[in-house]
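Reader: I am new to this structure. Please show me how to read it, one feature at a time.

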Amino acid sequence: MLGTVIGAAIGGVVAVTAAPVALGAMGFTGTGIAAASIAAKMMSAAAIANGGGVAAGSLVATLQSVGVVGLSTSTNIILGTAGAAIGALL
């Protein structure tokens, strides 16, 4: 029982903290998309597909928004819950 609680706590914390780190590593930063990053390649592909611009609400636009302002409270709750559930199973 105690192992399940500890696993859930660790899983929740890891899920909430890993998402912003992963986005930053991909190149979605607080100051914009990093040059020569995965994010830059995604933005280039999206712009080519859309005739020169990145569509509002697209995956690239959404991830860039998260990179700048962070995840919303509701998203953090969802990530934490999912991480806790997975951590409890391990």
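Reader: Where is the place of Leu90?

Author: First, the ground rules. This is a predicted model, where local features need pLDDT of at least 70, side-chain atom pairs count only at pLDDT 80 or more, and totals for chains, interfaces and linings use all residues. Residues are numbered from 1 along each chain as its sequence is written, and side-chain values use heavy atoms, with hydrogens and water left out. Now to Leu90: its place is in the segment after α4 (73–89). Helices (H or I, at least four residues) and strands (E, at least two) are DSSP runs, numbered from the N terminus.

Reader: Is Leu90 buried or exposed?

Author: Buried means under 20% relative accessible area, exposed over 50%, and partly exposed in between (1.4 Å probe, protein chains only). Leu90 has a relative accessible area of 86%, so it is exposed. Leu90 and Ala47 are 43 residues apart in sequence, and their C-alpha atoms are 41 Å apart in space.

Reader: How many helices and strands are in the chain?

Author: Four helices and two strands. Along the sequence they follow the pattern α-β-β-α-α-α.

Reader: What does the chain span along its principal axes?

Author: The C-alpha trace spans about 55 × 20 × 20 Å. Another way to read extent is the radius of gyration, taken over C-alpha atoms; the globule rule is 2.2 Å times the number of residues to the power 0.38. A compact globule of 90 residues would come near 12 Å, but this chain has 16 Å. Of its 90 residues, 23% count as buried.

Reader: Which residues make up the largest nonpolar core?

Author: The general idea: in soluble globular proteins, nonpolar side chains tend to be buried together. A nonpolar core is a set of buried Ala, Val, Leu, Ile, Met, Phe, Trp, Tyr and Cys residues joined through side-chain atoms within 4.5 Å. Here the largest has seven residues: Leu23, Phe28, Ala39, Ala46, Val60, Leu63 and Val66. Both α2 (38–49) and α3 (59–69) supply at least two residues of this core. Helix α3 gives the most, with three residues.

Reader: Which residues is Leu63 in contact with, leaving aside neighbours within four places in sequence?

Author: Contact means heavy atoms within 4.5 Å. On that basis, Leu63 is in contact with Leu23, Phe28 and Met42, leaving aside its neighbours within four places in sequence.

Reader: Why does Ser37 count as buried?

Author: Ser37 counts as buried because its relative accessibility is 11%. This residue is in the loop between β2 (32–33) and α2. Beyond neighbours within four places in sequence, Ser37 is in contact with Met26 and Gly27.

Reader: And where is Gly87 found?

Author: In helix α4. Gly87 counts as buried, at 8% relative accessibility. Not counting residues up to four places away in sequence, Gly87 touches Gly7, Ala8 and Gly11. Gly87 and Leu23 are 64 residues apart along the chain, and their C-alpha atoms are separated by 22 Å.

Reader: Where is Met1 found, and is it buried or exposed?

Author: Met1 is in the segment before α1 (2–26). Its relative accessible area is 79%, so Met1 is exposed.
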